[in-house]
Structure formats: C-alpha cells, structure tokens
Amino acid sequence: MDWLEFSPWARPIVAAALAVVVGIVVHRIGRAIILRVVRFSVLLASIARHIDKPALLVLPLLLLQVVWHGAPDELELISPVRHVNGVLLIGAITWLVVEVMRGISDGILTLYPADVADNLNARR
C-alpha cells in the first residue's frame with residue numbers, strides 16, 4: 001500500500017482508527033455478555049448499567065494509548081498526542097470509577113429501600 005508511505009502519520013492514524021473500532025466492538029460484545037451474566041444480581045446489574053458509557057470511552061482510549069506508544073518517537077507532535085491521550089484516559093477511568101460507586105449505591109438502595117412504610121430491614 002503506497003498511500004501508507006505518503007505521510008509518516010499515515011500508519012499510526014490507520015492503526016488508531018482500527019483501535020477505536022476494535023474498542024467499540026469489544027465494548028458492544030462485552031456489554032451484551034456482562035449484562036446477560038449479571039442479570040440475576042441486582043447489585044452487579046446496577047454496576048454494569050452505570051459503567052456502560054464510561055467503558056465505551058475507556059476501551060478505545062486504552063487501545064489508542066497502546067497505538068501512540070507503539071508509534072515511532074521521531075514522529076512530529078507524537079509526545080503531545082501521547083500526553084493528551086493519557087490525560088483523557090485518566091479522566092475516563094476516573095469517570096468509570098465514579099460510576100462504579102454510583103452503581104454500588106443504587107444497587108444497595110434497590111436491595112434495601114429506606115422509603116417504605118416498614119423499613120425494619122433497611123434499619124438492620
């Protein structure tokens with residue numbers, strides 16, 4: 001493929017595009033499997049529902065991080081690209097952890113509702 005030799009950025013850009021597609025496909029397949037496996041657990045199902053959107057961002061960013069670190073160091077502006085991707089990945093993972101905590105909270109509130117008339121179980 002001669003067009004890949006047109007620019008030094010051509011191969012990393014193609015690899016990045018493939019990484020994003022693979023990340024999205026892995027998310028979609030993993031989401032279906034995980035939701036099917038955890039459907040019998042209120043707590044785990046709540047967590048799985050909450051992490052859906054952050055995971056859709058984390059997986060491609062994680063694969064992009066691999067691509068950018070595999071790219072030659074001689075590429076112009078590769079260092080800022082790696083840095084920006086790393087910062088975005090940190091933010092996405094933080095969002096993922098926050099949503100895990102939110103899923104745990106919602107799952108516990110679903111299991112032990114405190115707003116019912118007789119909340120003896122919630123108080124134990």
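Biologist: To begin, how many helices and strands does the protein have?

Modeller: The model is a predicted one. Its secondary structure comes to 5 helices and 0 strands, so that the order from the N terminus reads α-α-α-α-α.

Biologist: What share of the residues is buried?

Modeller: Of the 124 residues in the protein, 29% are buried.

Biologist: And which share of the contacts comes from residues 24 or more positions apart?

Modeller: Taking the contacts with a separation of 6 or more, 70% are accounted for by residues 24 or more positions apart.

Biologist: Let us turn to helix packing. At what angle do α1 and α3 pack?

Modeller: Helix α1, residues 10–37, and helix α3, residues 52–70, pack at about 150°, and their axes are 8 Å apart. The crossing of α1 past α3 is right-handed.

Biologist: Which kinds of residue make up that contact?

Modeller: The contact of α1 with α3 comprises 17 nonpolar, 2 polar and 3 charged residues.

Biologist: How many salt bridges are found in the whole structure?

Modeller: The search finds 3 salt bridges. Another one joins the side chains of Arg 82 and Asp 73, at 2.8 Å from N to O. Arg 82 is buried at 15% relative accessibility, whereas Asp 73 is exposed at 58%.

Biologist: And what about Glu 99?

Modeller: Glu 99 forms a salt bridge with Arg 102, the closest N and O atoms being 2.7 Å apart. Both residues lie in helix α4, residues 78–111, and are 3 residues apart, about one turn of the helix. Glu 99 is buried, at 10% relative accessibility, while Arg 102 is partly exposed, at 43%.

Biologist: Back to Arg 82 for a moment. Which residues does Gln 65 touch?

Modeller: Leaving aside residues up to four places away in sequence, Gln 65 touches Arg 82, Asn 85, Gly 86 and Leu 89. Gln 65 lies in helix α3 and is buried, with a relative accessible area of 17%.

Biologist: Changing topic, how many aromatic pairs are there?

Modeller: The whole structure contains 1 aromatic pair. Trp 9 and Trp 68 form it in an edge-to-face arrangement, with 6.1 Å from centre to centre and 65° between the planes. The partners are 59 residues apart and link distant parts of the chain, since Trp 9 is in the segment before α1 and Trp 68 is in helix α3.

Biologist: Why is that arrangement called edge-to-face?

Modeller: The planes are 65° apart, and an angle over 60 degrees counts as edge-to-face.

Biologist: Is Trp 68 buried or exposed?

Modeller: Trp 68 counts as buried because its relative accessibility is 8%.

Biologist: Now for α2. Which of its residues are buried?

Modeller: In helix α2, residues 42–50, the buried residues are Ala 45, Ser 46, Ile 47, Ala 48 and His 50. Their cover includes α1, α3 and α4.

Biologist: How far apart are Ile 108 and Leu 43?

Modeller: Ile 108 and Leu 43 are 65 residues apart in sequence, yet 6.5 Å apart in space from C-alpha to C-alpha. Ile 108 has its place in helix α4 and counts as partly exposed, at 40% relative accessibility.

Biologist: Lastly, what is the phi of Leu 77?

Modeller: Leu 77 has a positive phi of about 70°, although it is not a glycine. Leu 77 sits in the loop between α3 and α4 and is exposed, with a relative accessible area of 57%.

Definitions and conventions: Residues are numbered from 1 along each chain as its sequence is written. This is a predicted model: local features need pLDDT of at least 70, side-chain atom pairs count only at pLDDT 80 or more; totals for chains, interfaces and linings use all residues. Side-chain values use heavy atoms; hydrogens and water are left out. Axes are lines fitted to C-alpha atoms, for helices over the stretch in contact, and angles run from 0 to 180 degrees between N-to-C directions. Helices (H or I, at least four residues) and strands (E, at least two) are DSSP runs, numbered from the N terminus. A crossing is left-handed if the near helix is turned anticlockwise from the far one by less than a right angle, and right-handed if clockwise. Ala, Val, Leu, Ile, Met, Phe, Trp, Tyr, Cys and Pro count as nonpolar, Asp, Glu, Lys and Arg as charged, and the others, Gly among them, as polar. Rings of Phe, Tyr and Trp (its six-membered ring) pair if their centres lie within 6.5 Å; planes under 30 degrees apart count as stacked, over 60 as edge-to-face and the rest as tilted. Buried means under 20% relative accessible area, exposed over 50%, partly exposed in between (1.4 Å probe, protein chains only). Contact means heavy atoms within 4.5 Å. A salt bridge is a side-chain nitrogen of Lys or Arg within 4 Å of a carboxyl oxygen of Asp or Glu.
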